[in-house]
Each structure stands twice: as C-alpha cells, then as structure tokens.
Amino acid sequence: MNQLRVLLVTLLLAAIGVAAMPATQFRSSGGILDTHIRITNGLGPDVDLSIHCESADDDLGEHLIHYETIYGFDFRIKIFGGTQFFCSFQWPGQFHWFDIFIQDRDNCENCAWLIKADGPRKFNSDTRSYDDVYQWNE
C-alpha cells in the first residue's frame, strides 16, 4: 500500500512539474513535446518575404527571408493542448497571415512550410512533397 502511495505522489509531482513548464521554450532539448517549424520562401527569385510570427505567449519578431531561404523556430507544445502560432507574411504589394501551427490540426514534430503567393503549403511526409495547400486567413 505504501508503494502505491509513493507511486501516486511521484506521478502527481511529475505532472505538476510538466504543467508548470512554460508553454514555449526556444532552446528545446529534443523531447517528446518539442516542435520545429521551418518556413521557406518560395515566392520566386528576387522576392524577399517579411515574416512576423507569434503565439499568445511569445512574439518572435520580424524576419526577412530571401528566396529559397529558410526561417525556423522551435517550441514546446502545451501538454493539455492549445498551442498555436500565427504569422504575417508580407512582400511587395501583398500582406497575408496564417496560423502556421495549431496543435489540434498539425500532427508533426517537424513542420515544414513553403510560402507561395496562392497560400502556404505544408510538407506531406507521405508524398515527400509540399502538396498540402492551405488558404490564407481572412
């Protein structure tokens, strides 16, 4: 009976420790909750992409991505769900935004996106291609 109590207390303390962790951590250690986002500018030669990503907890700032260059960030998902990052995308004459990661939608540890003028395209590991095409948010 004492062993059961010790086990239950240990599990409870472990759960409290995980729940108390920050929602996002940018120096992730490769754990099971770590997620990696990679965004590639696929707009065309000589078209630079300005990107600004944030979540409810973290503002990652603005970054300039040249054609075929990758911008990435890492974070730890919330154990009980609700992790979401959205980004604005701007290039000459265009401004769009998109939810680049929604925990309930995106089932990936390594999420790769290709940004095209008609919308973001998510890498499909089954077809090994960027054929999951999404629409820009309204």
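Predicted model: local features only at pLDDT ≥ 70, side-chain atom pairs only at ≥ 80, totals over all residues.
Cys 53 pairs up with Cys 87 in a disulfide, one of 2 that the structure holds.

**The Cys 53–Cys 87 disulfide**

- The sulfur atoms of Cys 53 and Cys 87 sit 2.0 Å apart.
- Cys 53 belongs to strand 2 (residues 49–55) and Cys 87 to strand 5 (residues 84–91), so this pair ties together parts that are 34 residues apart in sequence.
- The S-S torsion for Cys 53 and Cys 87 comes out at about 105 degrees, so this disulfide is right-handed.
- Cys 87 is buried, its relative accessible area being 0%.

**The Cys 108–Cys 111 disulfide**

- Cys 108 and Cys 111 make a disulfide too, with 1.7 Å between their sulfur atoms.
- The link of Cys 108 and Cys 111 is right-handed, with 90 degrees about the S-S bond.
- As for burial, both Cys 108 and Cys 111 are buried.

**How the cysteines pair up**

- Count the bonded cysteines along the protein chain and you get the pattern 1-2, 3-4.

- Phe 95 is found in strand 6, which covers residues 94–102.
- Phe 95 has 52% relative accessibility, so it counts as exposed, the cut-off being over 50%.

Notes:
Residues numbered from 1 in each chain as written. Heavy atoms only, no water. Helix = DSSP H or I, 4+ residues; strand = E, 2+ residues; numbered from the N terminus. Buried < 20%, exposed > 50% of the residue type's maximum accessible area, 1.4 Å probe, protein only. Disulfide = S-S within 2.5 Å.
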